[in-house]
Amino acid sequence: MKKILDFYIHGSIHVALAVYALVRMTFHFFHIEYNAPMAFFAFFGTIVGYNFVKYDELVRAKKLKLNFERKAIVVLSFISFLGTGYCFFYLSFHTQLLTLFFLGLTVLYTLPVFPKIGNARNWAGVKIYIVAFCWAGVTLCLPIINAGLPFSNDVWLKFCQRFLLVIILILIFEIIDLKKDALSLQTVPQKLGIQKTKILNLFLLIPFYCLEFFKSDFRVIQLWINLLLIIVLALFTLFASPKRSEYYTSFWVESVPFFWWIAVLLLN
């Protein structure tokens, strides 16, 4: 069971499920009819993108031994690549153009396009914003554009909310990974320390919650759902520590978008 769970996490299926959940929430909030190609493009694309980011550098440095799990991840990534390509051709033209932009960001993030300054993943203090921007863009902007909807105030508010959510999740990851991250990355916990990072994360929960009040279709039930969400995020933040196992973030913290989606479906 542990090997299956590790493959599920290391193969980026879990994080792809979180992205899928946020796309489905976009459908729900903006009354968009379910679009399978859009939802599965985000799901399969996340598997391909995350596995590319995680394993490319190890492969290029020839530090990656292909054990059974990694061979299975290669197969999974290839199947997901085919799935991404298939879904891509069912998206609208404007959506396809925007996906190429996010593809460019992924390449910039992973590969040393500019040899003198390396890839964006190693740019001090930049990584967190690129990841949050891509998550918000893929899970919100792509479905909105594909449905032909205008970028209303509600869309921008939801974009800011998604952006903040991913920042909050990443800060928890950075606390857990503090001992493993190179000092050159200049992560927030490296700069501020663990306690101040936790205070910052708890502070970010306030605008994340308050943005809901400004939506045109403001609903009280959503405030209760979001209140439940920020309590969970606050607890994850307070109990975050470099001593925690990898499952604390790679499974439990990354489950937050999925459980948020389930709560929205059940309580609405």
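**Note on helix packing and the nonpolar core**

1. Helix 10 and helix 12 meet through two sets of residues: Ile-221, Gln-222, Ile-225, Asn-226, Leu-229, Leu-233 and Phe-236 on helix 10, and Val-256, Trp-260, Ala-263, Val-264 and Leu-267 on helix 12. Sorted by class, this contact holds ten nonpolar residues, two polar ones and no charged ones. The model is a predicted one.

2. As for geometry, helix 10 covers residues 220–238 and helix 12 covers residues 256–267; the two pack at an angle of about 155 degrees, and their axes lie 10 Å apart. Angles over 145 degrees count as roughly antiparallel, so helix 10 is roughly antiparallel to helix 12. The crossing of helix 10 past helix 12 is right-handed.

3. The largest nonpolar core has 74 residues, and those touching the most other members are Trp-135, Phe-208, Leu-233 and Trp-260. Helix 7, residues 153–176, gives the most to this core, with 14 residues. Leu-233 and Trp-260 also belong to the contact of helix 10 with helix 12.

4. Which residues does Phe-208 touch, not counting those up to four places away in sequence? They are Gln-161, Leu-164, Leu-165, Ile-168, Leu-229, Ile-230 and Trp-260.

5. Val-23 sits in helix 2, which spans residues 13–29. Its relative accessible area is 0%; under 20% counts as buried, so Val-23 is buried. Apart from neighbours within four places in sequence, Val-23 contacts Ala-39, Ala-42, Val-138, Thr-139 and Pro-143.

6. Val-23 can also be placed relative to Trp-135: the two are 112 residues apart in sequence, and their C-alpha atoms are 10.0 Å apart in space.

Methods
Residues numbered from 1 in each chain as written. Predicted model: local features only at pLDDT ≥ 70, side-chain atom pairs only at ≥ 80, totals over all residues. Heavy atoms only, no water. Core = buried A, V, L, I, M, F, W, Y, C linked by side-chain atoms within 4.5 Å. Buried < 20%, exposed > 50% of the residue type's maximum accessible area, 1.4 Å probe, protein only. Helix = DSSP H or I, 4+ residues; strand = E, 2+ residues; numbered from the N terminus. Contact = heavy atoms within 4.5 Å. Axes fitted to C-alpha atoms, helices over the stretch in contact; angles between N-to-C directions. Parallel < 35°, antiparallel > 145°, perpendicular 65-115°, else oblique. Left-handed = near helix turned anticlockwise from the far one by under 90°. Nonpolar A, V, L, I, M, F, W, Y, C, P; charged D, E, K, R; others polar.
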